[in-house]
Amino acid sequence: DPLEQAKRAAAYKAVDENISLNYKYVGIGSGSTVVYIVERLSQLPLSKNFIYVPTSFQSKKLILDSGLRLSNVDDINIDSDHVLDITFDGADEVDTSLNCIKGGGACLFQEKLIASLSKNFIIVADYRKKSPSYLGVNWLKGIPIEVVPMAWSKIRNDLLNKFSANKVTLRQGGVNKAGPVVTDNGNFILDVEFGILDVDSFDLLKFNQQIKNLVGVVETGLFISMAKKAYFGHGDGSVSSIS
Ligand code: DER
C-alpha cells in the first residue's frame, strides 16, 4: 500500500536522523503514522534506554504493546520548560512555515502538552499533509478545537457570530459511538471551518489566542511555530522534509 509505505518511510527517516544515544525522554504522538515511529524505535537496541511519554490512550497502548518503557507526563518532575528530549507526532496539515493543523484523531490536547515540553518536536506525515502554502489559505478541512462539553453550544455560537466561522461541527462518534466523540480528557471536539482568509493581513498567533480566550475552550489544533522539522513520505518511498 503506497500510503502506508509513505508513512513508514517518513517515520523511519525521522527516527534515524533525529534519535540520539544520550536522550532520556521520548514523546510518542497519536494517529497512524506514529505506529511506524514505534516500529522503527523497537528495531534499535538503543531504544531500550529511553523512557516513552504517550499523548493518548492509543499512544500509551502502542508503547506498551512494543515492550517499551512507559512513563506519563504527570510522573515526570517538570523542573524546566522542556524536559522531553524529543517528540515524534503526526499532523493533518503542515504549511511551509511548519505551522500545523492537528486534532484529526481528537488527541490534540495531550499532543500539544507533550510537544510544548519537548526540546525537539518532529512531525511525520504522508504526502497528503503537506500544504502548498500558508495554513491561512489551506485550512479548508477545519480546525479541531477541544472544549468543555457544557460550553460547546456557547462556543459554537461565539465562533459563528464573533469569528465569522462558516461552519462549526460537534464531532460525532459515528457507528461505533452514539453521540459526540469524547476525548481522553473527557471533552468534546468542535471542527471549525473559517474558509479562505487573507493571508497577508492574517495573524495566526493572535487568531489562536482569541479562540483560546473563549470561555470553555481547552485547546486548539493550531500548532504554531512548534515543529522543528517535518518529514513527508511519498508513495515511491522517497521522503522530503522541511525545517
Ligand atoms: O490528531 C492528530 O493530530 C494526529 O497526529 C493525527 O491527525 C495524524 O494522523 P495520521 O498520522 O493518522 O495521518
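**Ligand site**

I began with Glu 111, where a polar side-chain atom lies 3.2 Å from an oxygen atom of the ligand; I count a polar contact as a pair of N or O atoms within 3.5 Å, and within protein one must be able to donate a hydrogen and the other to accept it, while residues adjacent in sequence count only if both atoms are side-chain atoms. Lys 102 has a polar side-chain atom 2.9 Å from a ligand oxygen, and for Lys 129 the distance is 2.5 Å. The protein covers 91% of the 360 Å² of accessible area that the ligand has on its own (Shrake-Rupley method, 1.4 Å probe; for residues, only the protein chains shown count as cover).

**A note on the model**

This is a predicted model, in which local features need pLDDT of at least 70 and side-chain atom pairs count only at pLDDT 80 or more, while totals for chains, interfaces and linings use all residues. Residues are numbered from 1 along each chain as its sequence is written, and side-chain values use heavy atoms, with hydrogens and water left out.

**Helix H1**

Next I checked helix H1, residues 2-18: its 17 residues should span 24 Å at 1.5 Å a residue, and its end C-alpha atoms are 24 Å apart, which agrees. The expected span is 1.5 Å times one less than the number of residues; helices (H or I, at least four residues) and strands (E, at least two) are DSSP runs, numbered from the N terminus. At the start of H1, a side-chain oxygen of Asp 1 comes to within 2.8 Å of the backbone nitrogen of Leu 3. Among the buried residues of H1 are Leu 3, Tyr 12, Val 15 and Asn 18 (buried is under 20% relative accessible area, exposed over 50%, partly exposed in between; 1.4 Å probe, protein chains only). The buried residues pack against helix H2 and strands E3, E6, E14 and E15.

Leu 170 sits in strand E8, residues 167-170, and is buried at 13% relative accessible area. Which residues does Leu 170 contact, leaving aside its neighbours within four places in sequence? I found Trp 152, Pro 180, Phe 188, Ile 189 and Leu 190 (contact means heavy atoms within 4.5 Å).
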